[in-house]
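Work through the two exercises below with the sequence and the 3D structure at hand. Each solution goes step by step.

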Amino acid sequence: MTALRRTGGLALLTTALLATTLAAPPALAAGAPAQVDAPVPVLDWQPCGPGLEPFLCTSAEVPRDYDRPNGATTTIALTLLPASGDPAERVGTLFTNPGGPGGSGVEFVQQAGPYIYHPDVLARFDVLGFDPRAVAGSDPATCFRTAEDEASSPLLAQAYPITPREEVRYTLESLALATRCQVTSPVRFATASTANVARDMDLLRQAVGDEELYYAGYSYGTFLGATYARLFPERVGRFLLDATVDPVAWTGTGAGDAAPSVPLGIRIRQGLGAHETFGEFTRLCAEAGPATCPLAALGDPATVAYETFDRLATQPVEVPLPDGTSVLVTQQVAVASTFQSLYSPSLWPDLAALIAALAAPVPDPAAVASAGAGTRSALGARLRGEDYPSIGGGLASLCVDTASNGRVDRYPRLIDAYDQTAPYFGRFRGWVALPCETWPIQDHDAFTGPWQQTTTAPVLVVGTRFDPATPYQQTQPYRDLFPAGHLLTLDGWGHTALGKSVCVDEHIATYLVTGAPPADGTVCAPDAVPFATAPGARVAPRIDVPPGLPFW
């Protein structure tokens, strides 16, 4: 396929507006599939404004608490990329979720929507992005009075603790964060479960006039997809579920490493996924050599990287920022930046350049800043002078959906053991959900299983062989939850298969447009190998990582 661009004239926008601005549909006939029973919002789509000409924007009021469908409401922000083809051939509206939790669906569709979907998909579907409740433009949940207060939080400045003294301080600050969230946004947190987001999607499905939900969910969005399918199995249409989250481990309702006695940061297995993917990063770097991987010029890439991480624990590097301040690149900052950069294999040379700059006997702050600015990480965003949203949107559903370990005092021992299995990344990811351990707010409408699906609709489950955030080992068990699940594998690298394989894109397009999935077990090759990217090869679109305590 080719990278896409659509213009869409006024007539097209008007057609889409008329097609999707609907009042409440007629009452369901007896025996009709279950759906949310609440006032259906009227979507008054309007042009989004300068620079966003292809898109329409609106907001919807949905029940804050579905136990009181006619009570108080919360606002959901939406955007729409209208179908570019013949209205008579339009299939419906493709709902999307970019992951997180805490990712903005509005930004996802506006920034990536025109480019990541096949021309046939864009011709036949309106592509809809929404900010889940408590996220970004949808009555966001916050844990600080101002963005400045959040930016200065010592907890969010440190990705994880190393020494026992740091562990004590990190634990106290994490528990204090939970209290802050309770004070600033108690009502928004109390209704922010993924189950309520799924109910919002079903109400919005009714608002756009579709009998079934067409859905593309990535990363955490696969947990949202699994939740919707359990709540509304007969409303499942064509479901694309890419980079799967194990719902049993996420909610802590399983046994073994998915048991509630295991901290969420270990249950989600990201440390293991990152360790395995980092092994591929260093292997491919060594094979490519210094010509395309600068880290290889310094010796064995894995040895150099680990020695650099160890040195940064006691000898951090101070790097200037565009605003005249500086950031201290500690081991924690370097490991977090590495984890986030593993998402996009097309940019692994930038990550190699950053580690190489930090590995110098006397690191040059300017060289570190230059290399770091090219990475897709929180450090890279700061070095480029970009802003990022609140951590509250990420914690909103996370802490009400997941079981707590219940023993904060066991964290250091459990994470030390995990770090032996997945060095550096195990420690980084192991601490990630500590604020949820004493989370004082519950959403009694949350759904935590059972997760075996009853929908008979064929769904397409996509996994990438080396994914740092949603390990491939979770993909087959997730597919097995669906009676008519079909597994499509990208035998490549990075988080999600987005933009990484024409083969994957073609299978996805065929499924979404016709409803026919590829044969279960189909495997596709990537378009490019890291450090050996051919001229003109596609660069994978960015799937943003929520800041502060990044989950996905």
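**Exercise 1: strand S5**

Both faces of S5 are covered: Phe125, Val127 and Gly129 are buried on one side, and Asp126, Leu128 and Phe130 are buried on the other. Buried means under 20% relative accessible area, exposed over 50%, partly exposed in between (1.4 Å probe, protein chains only). Strands (E, at least two residues) and helices (H or I, at least four) are DSSP runs numbered from the N terminus. The model is predicted: local features need pLDDT of at least 70, side-chain atom pairs count only at pLDDT 80 or more, and totals for chains, interfaces and linings use all residues. Residues are numbered from 1 along each chain as its sequence is written, and side-chain values use heavy atoms, with hydrogens and water left out.

Task: state which strands pair with S5 and in what sense.

Step 1. Strand S3 (residues 73-81) runs antiparallel to S5, joined by four bridges; two strands pair if DSSP finds at least two bridges between them. Thr79 has Gly129 as its bridge partner in S5.

Step 2. Strand S4 (residues 92-97) pairs with S5 in the parallel sense over five bridges. Here Thr93 stands opposite Asp126.

Step 3. Six of the six residues of S5 (residues 125-130) are buried, so the strand is largely enclosed by the rest of the structure.

**Exercise 2: Ala243**

Task: decide whether Ala243 is buried or exposed, and find what it touches.

Step 1. Ala243 lies in the loop between strand S7 (236-242) and helix H9 (247-251).

Step 2. Ala243 counts as buried because its relative accessibility is 2%.

Step 3. Not counting residues up to four places away in sequence, Ala243 touches Ser219, Thr222, Val462, Asp467, Thr470, His495 and Thr496; contact means heavy atoms within 4.5 Å.
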